[in-house]
Amino acid sequence: VQSAIASKHGRPTFPEPRAIEKAAYGQVRLTESASLFEHSKHLASCDAVVPENVTRLPSFEELRHNYGLVLYSFEGDIDAGSLNITAQEAHDRVQFFVNDVEVGVAYRPTCPAEISL
């Protein structure tokens, strides 16, 4: 990467800073946890409503959400017994929850994946 940048813009005129030494801090005990769904309203950085007749959900970019998680939610009945997820739909990972319980995960490298509901 450095040589590609240097071929277009030249070598930097100042030296790079020293690498930060890695440190081990020992075992970290996590003694508490919190429910994602109970706290999602407090964690949300955007809240977009999607019309019911759309054929696909908005992407991170369309939501102007550059990193982290997007929680899409739906209240109502689903007629399907399963969902098929393609790599185009799962840009990284998709986790499905029904009534706050995880029912399936699809990872892009292993798609297509079928999630039973």
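Visitor: Which residue forms a salt bridge with arginine 56?

Guide: The general idea first. A salt bridge is a side-chain nitrogen of Lys or Arg within 4 Å of a carboxyl oxygen of Asp or Glu. Here arginine 56 pairs with glutamate 62, and the closest N and O atoms are 2.6 Å apart. The structure holds 1 salt bridge. A word on the source: this is a predicted model, where local features need pLDDT of at least 70, side-chain atom pairs count only at pLDDT 80 or more, and totals for chains, interfaces and linings use all residues. Residues are numbered from 1 along each chain as its sequence is written, and side-chain values use heavy atoms, with hydrogens and water left out.

Visitor: Is arginine 56 buried or exposed?

Guide: Start with the classes. Buried means under 20% relative accessible area, exposed over 50%, and partly exposed in between (1.4 Å probe, protein chains only). Arginine 56 has a relative accessible area of 52%, so it is exposed.

Visitor: How should I read an aromatic pair, and how many does the structure hold?

Guide: A pair of aromatic rings is described by the distance of the centres and the angle of the planes. Rings of Phe, Tyr and Trp (its six-membered ring) pair if their centres lie within 6.5 Å; planes under 30 degrees apart count as stacked, over 60 as edge-to-face and the rest as tilted. The structure holds 1 aromatic pair. The ring centres of phenylalanine 37 and phenylalanine 97 are 5.0 Å apart and the planes stand at 75°, so this pair is edge-to-face. The pair links distant parts of the chain, with phenylalanine 37 in helix H2 and phenylalanine 97 in strand E2, 60 residues apart. Helices (H or I, at least four residues) and strands (E, at least two) are DSSP runs, numbered from the N terminus. Phenylalanine 37 is partly exposed at 24%. Phenylalanine 97 is partly exposed at 32%.

Visitor: Which residues make the nonpolar surface patch?

Guide: Patches are made of residues with over 30% relative accessible area and no salt bridge: like charges are joined within 9 Å, nonpolar side chains (Val, Leu, Ile, Met, Phe, Trp, Tyr) within 5 Å. Accessible areas come from the Shrake-Rupley method with a 1.4 Å probe; for residues, only the protein chains shown count as cover. In this model Phe74, Ile78, Val98, Val103 and Leu117 make a nonpolar surface patch of about 440 Å². Isoleucine 78 sits in the loop between helix H2 (36-43) and strand E1 (82-85). Isoleucine 78 is exposed, at 52%.

Visitor: What does leucine 117 touch?

Guide: Contact means heavy atoms within 4.5 Å. Not counting residues up to four places away in sequence, leucine 117 touches Ile78, Ala80, Gly81, Ser82, Leu83, Val98 and Val103. Leucine 117 is in the segment after E4 and is partly exposed, at 40%. Leucine 117 and glutamate 102 are 15 residues apart in sequence, with C-alpha atoms 9.9 Å apart.

Visitor: Where does isoleucine 85 lie, and is it buried or exposed?

Guide: Isoleucine 85 lies in strand E1. Its relative accessible area is 9%, so isoleucine 85 is buried. Leaving aside neighbours within four places in sequence, its contacts include Val94, Phe96, Cys111 and Pro112. Valine 70 is 15 residues from isoleucine 85 along the chain, and their C-alpha atoms are separated by 16 Å.

Visitor: Which peptide bond is cis, with omega near 5°?

Guide: The bond from cysteine 111 to proline 112. Proline 112 lies in the loop between strand E3 (101-107) and strand E4 (113-116). Cysteine 111 is buried, at 15%.

Visitor: How many disulfides does the rule count?

Guide: A disulfide is a pair of cysteine sulfur atoms within 2.5 Å. By this rule the count is 0. Cysteine 46 is partly exposed, at 36%.

Visitor: What phi does arginine 64 have?

Guide: Arginine 64 has a positive phi of about 60° although it is not a glycine. Arginine 64 is in the loop between H2 and E1 and is exposed, at 77%. Aspartate 100 has a positive phi of about 65°, and it is not a glycine either. Aspartate 100 is in the loop between strand E2 (93-98) and E3. Aspartate 100 is exposed, at 53%.
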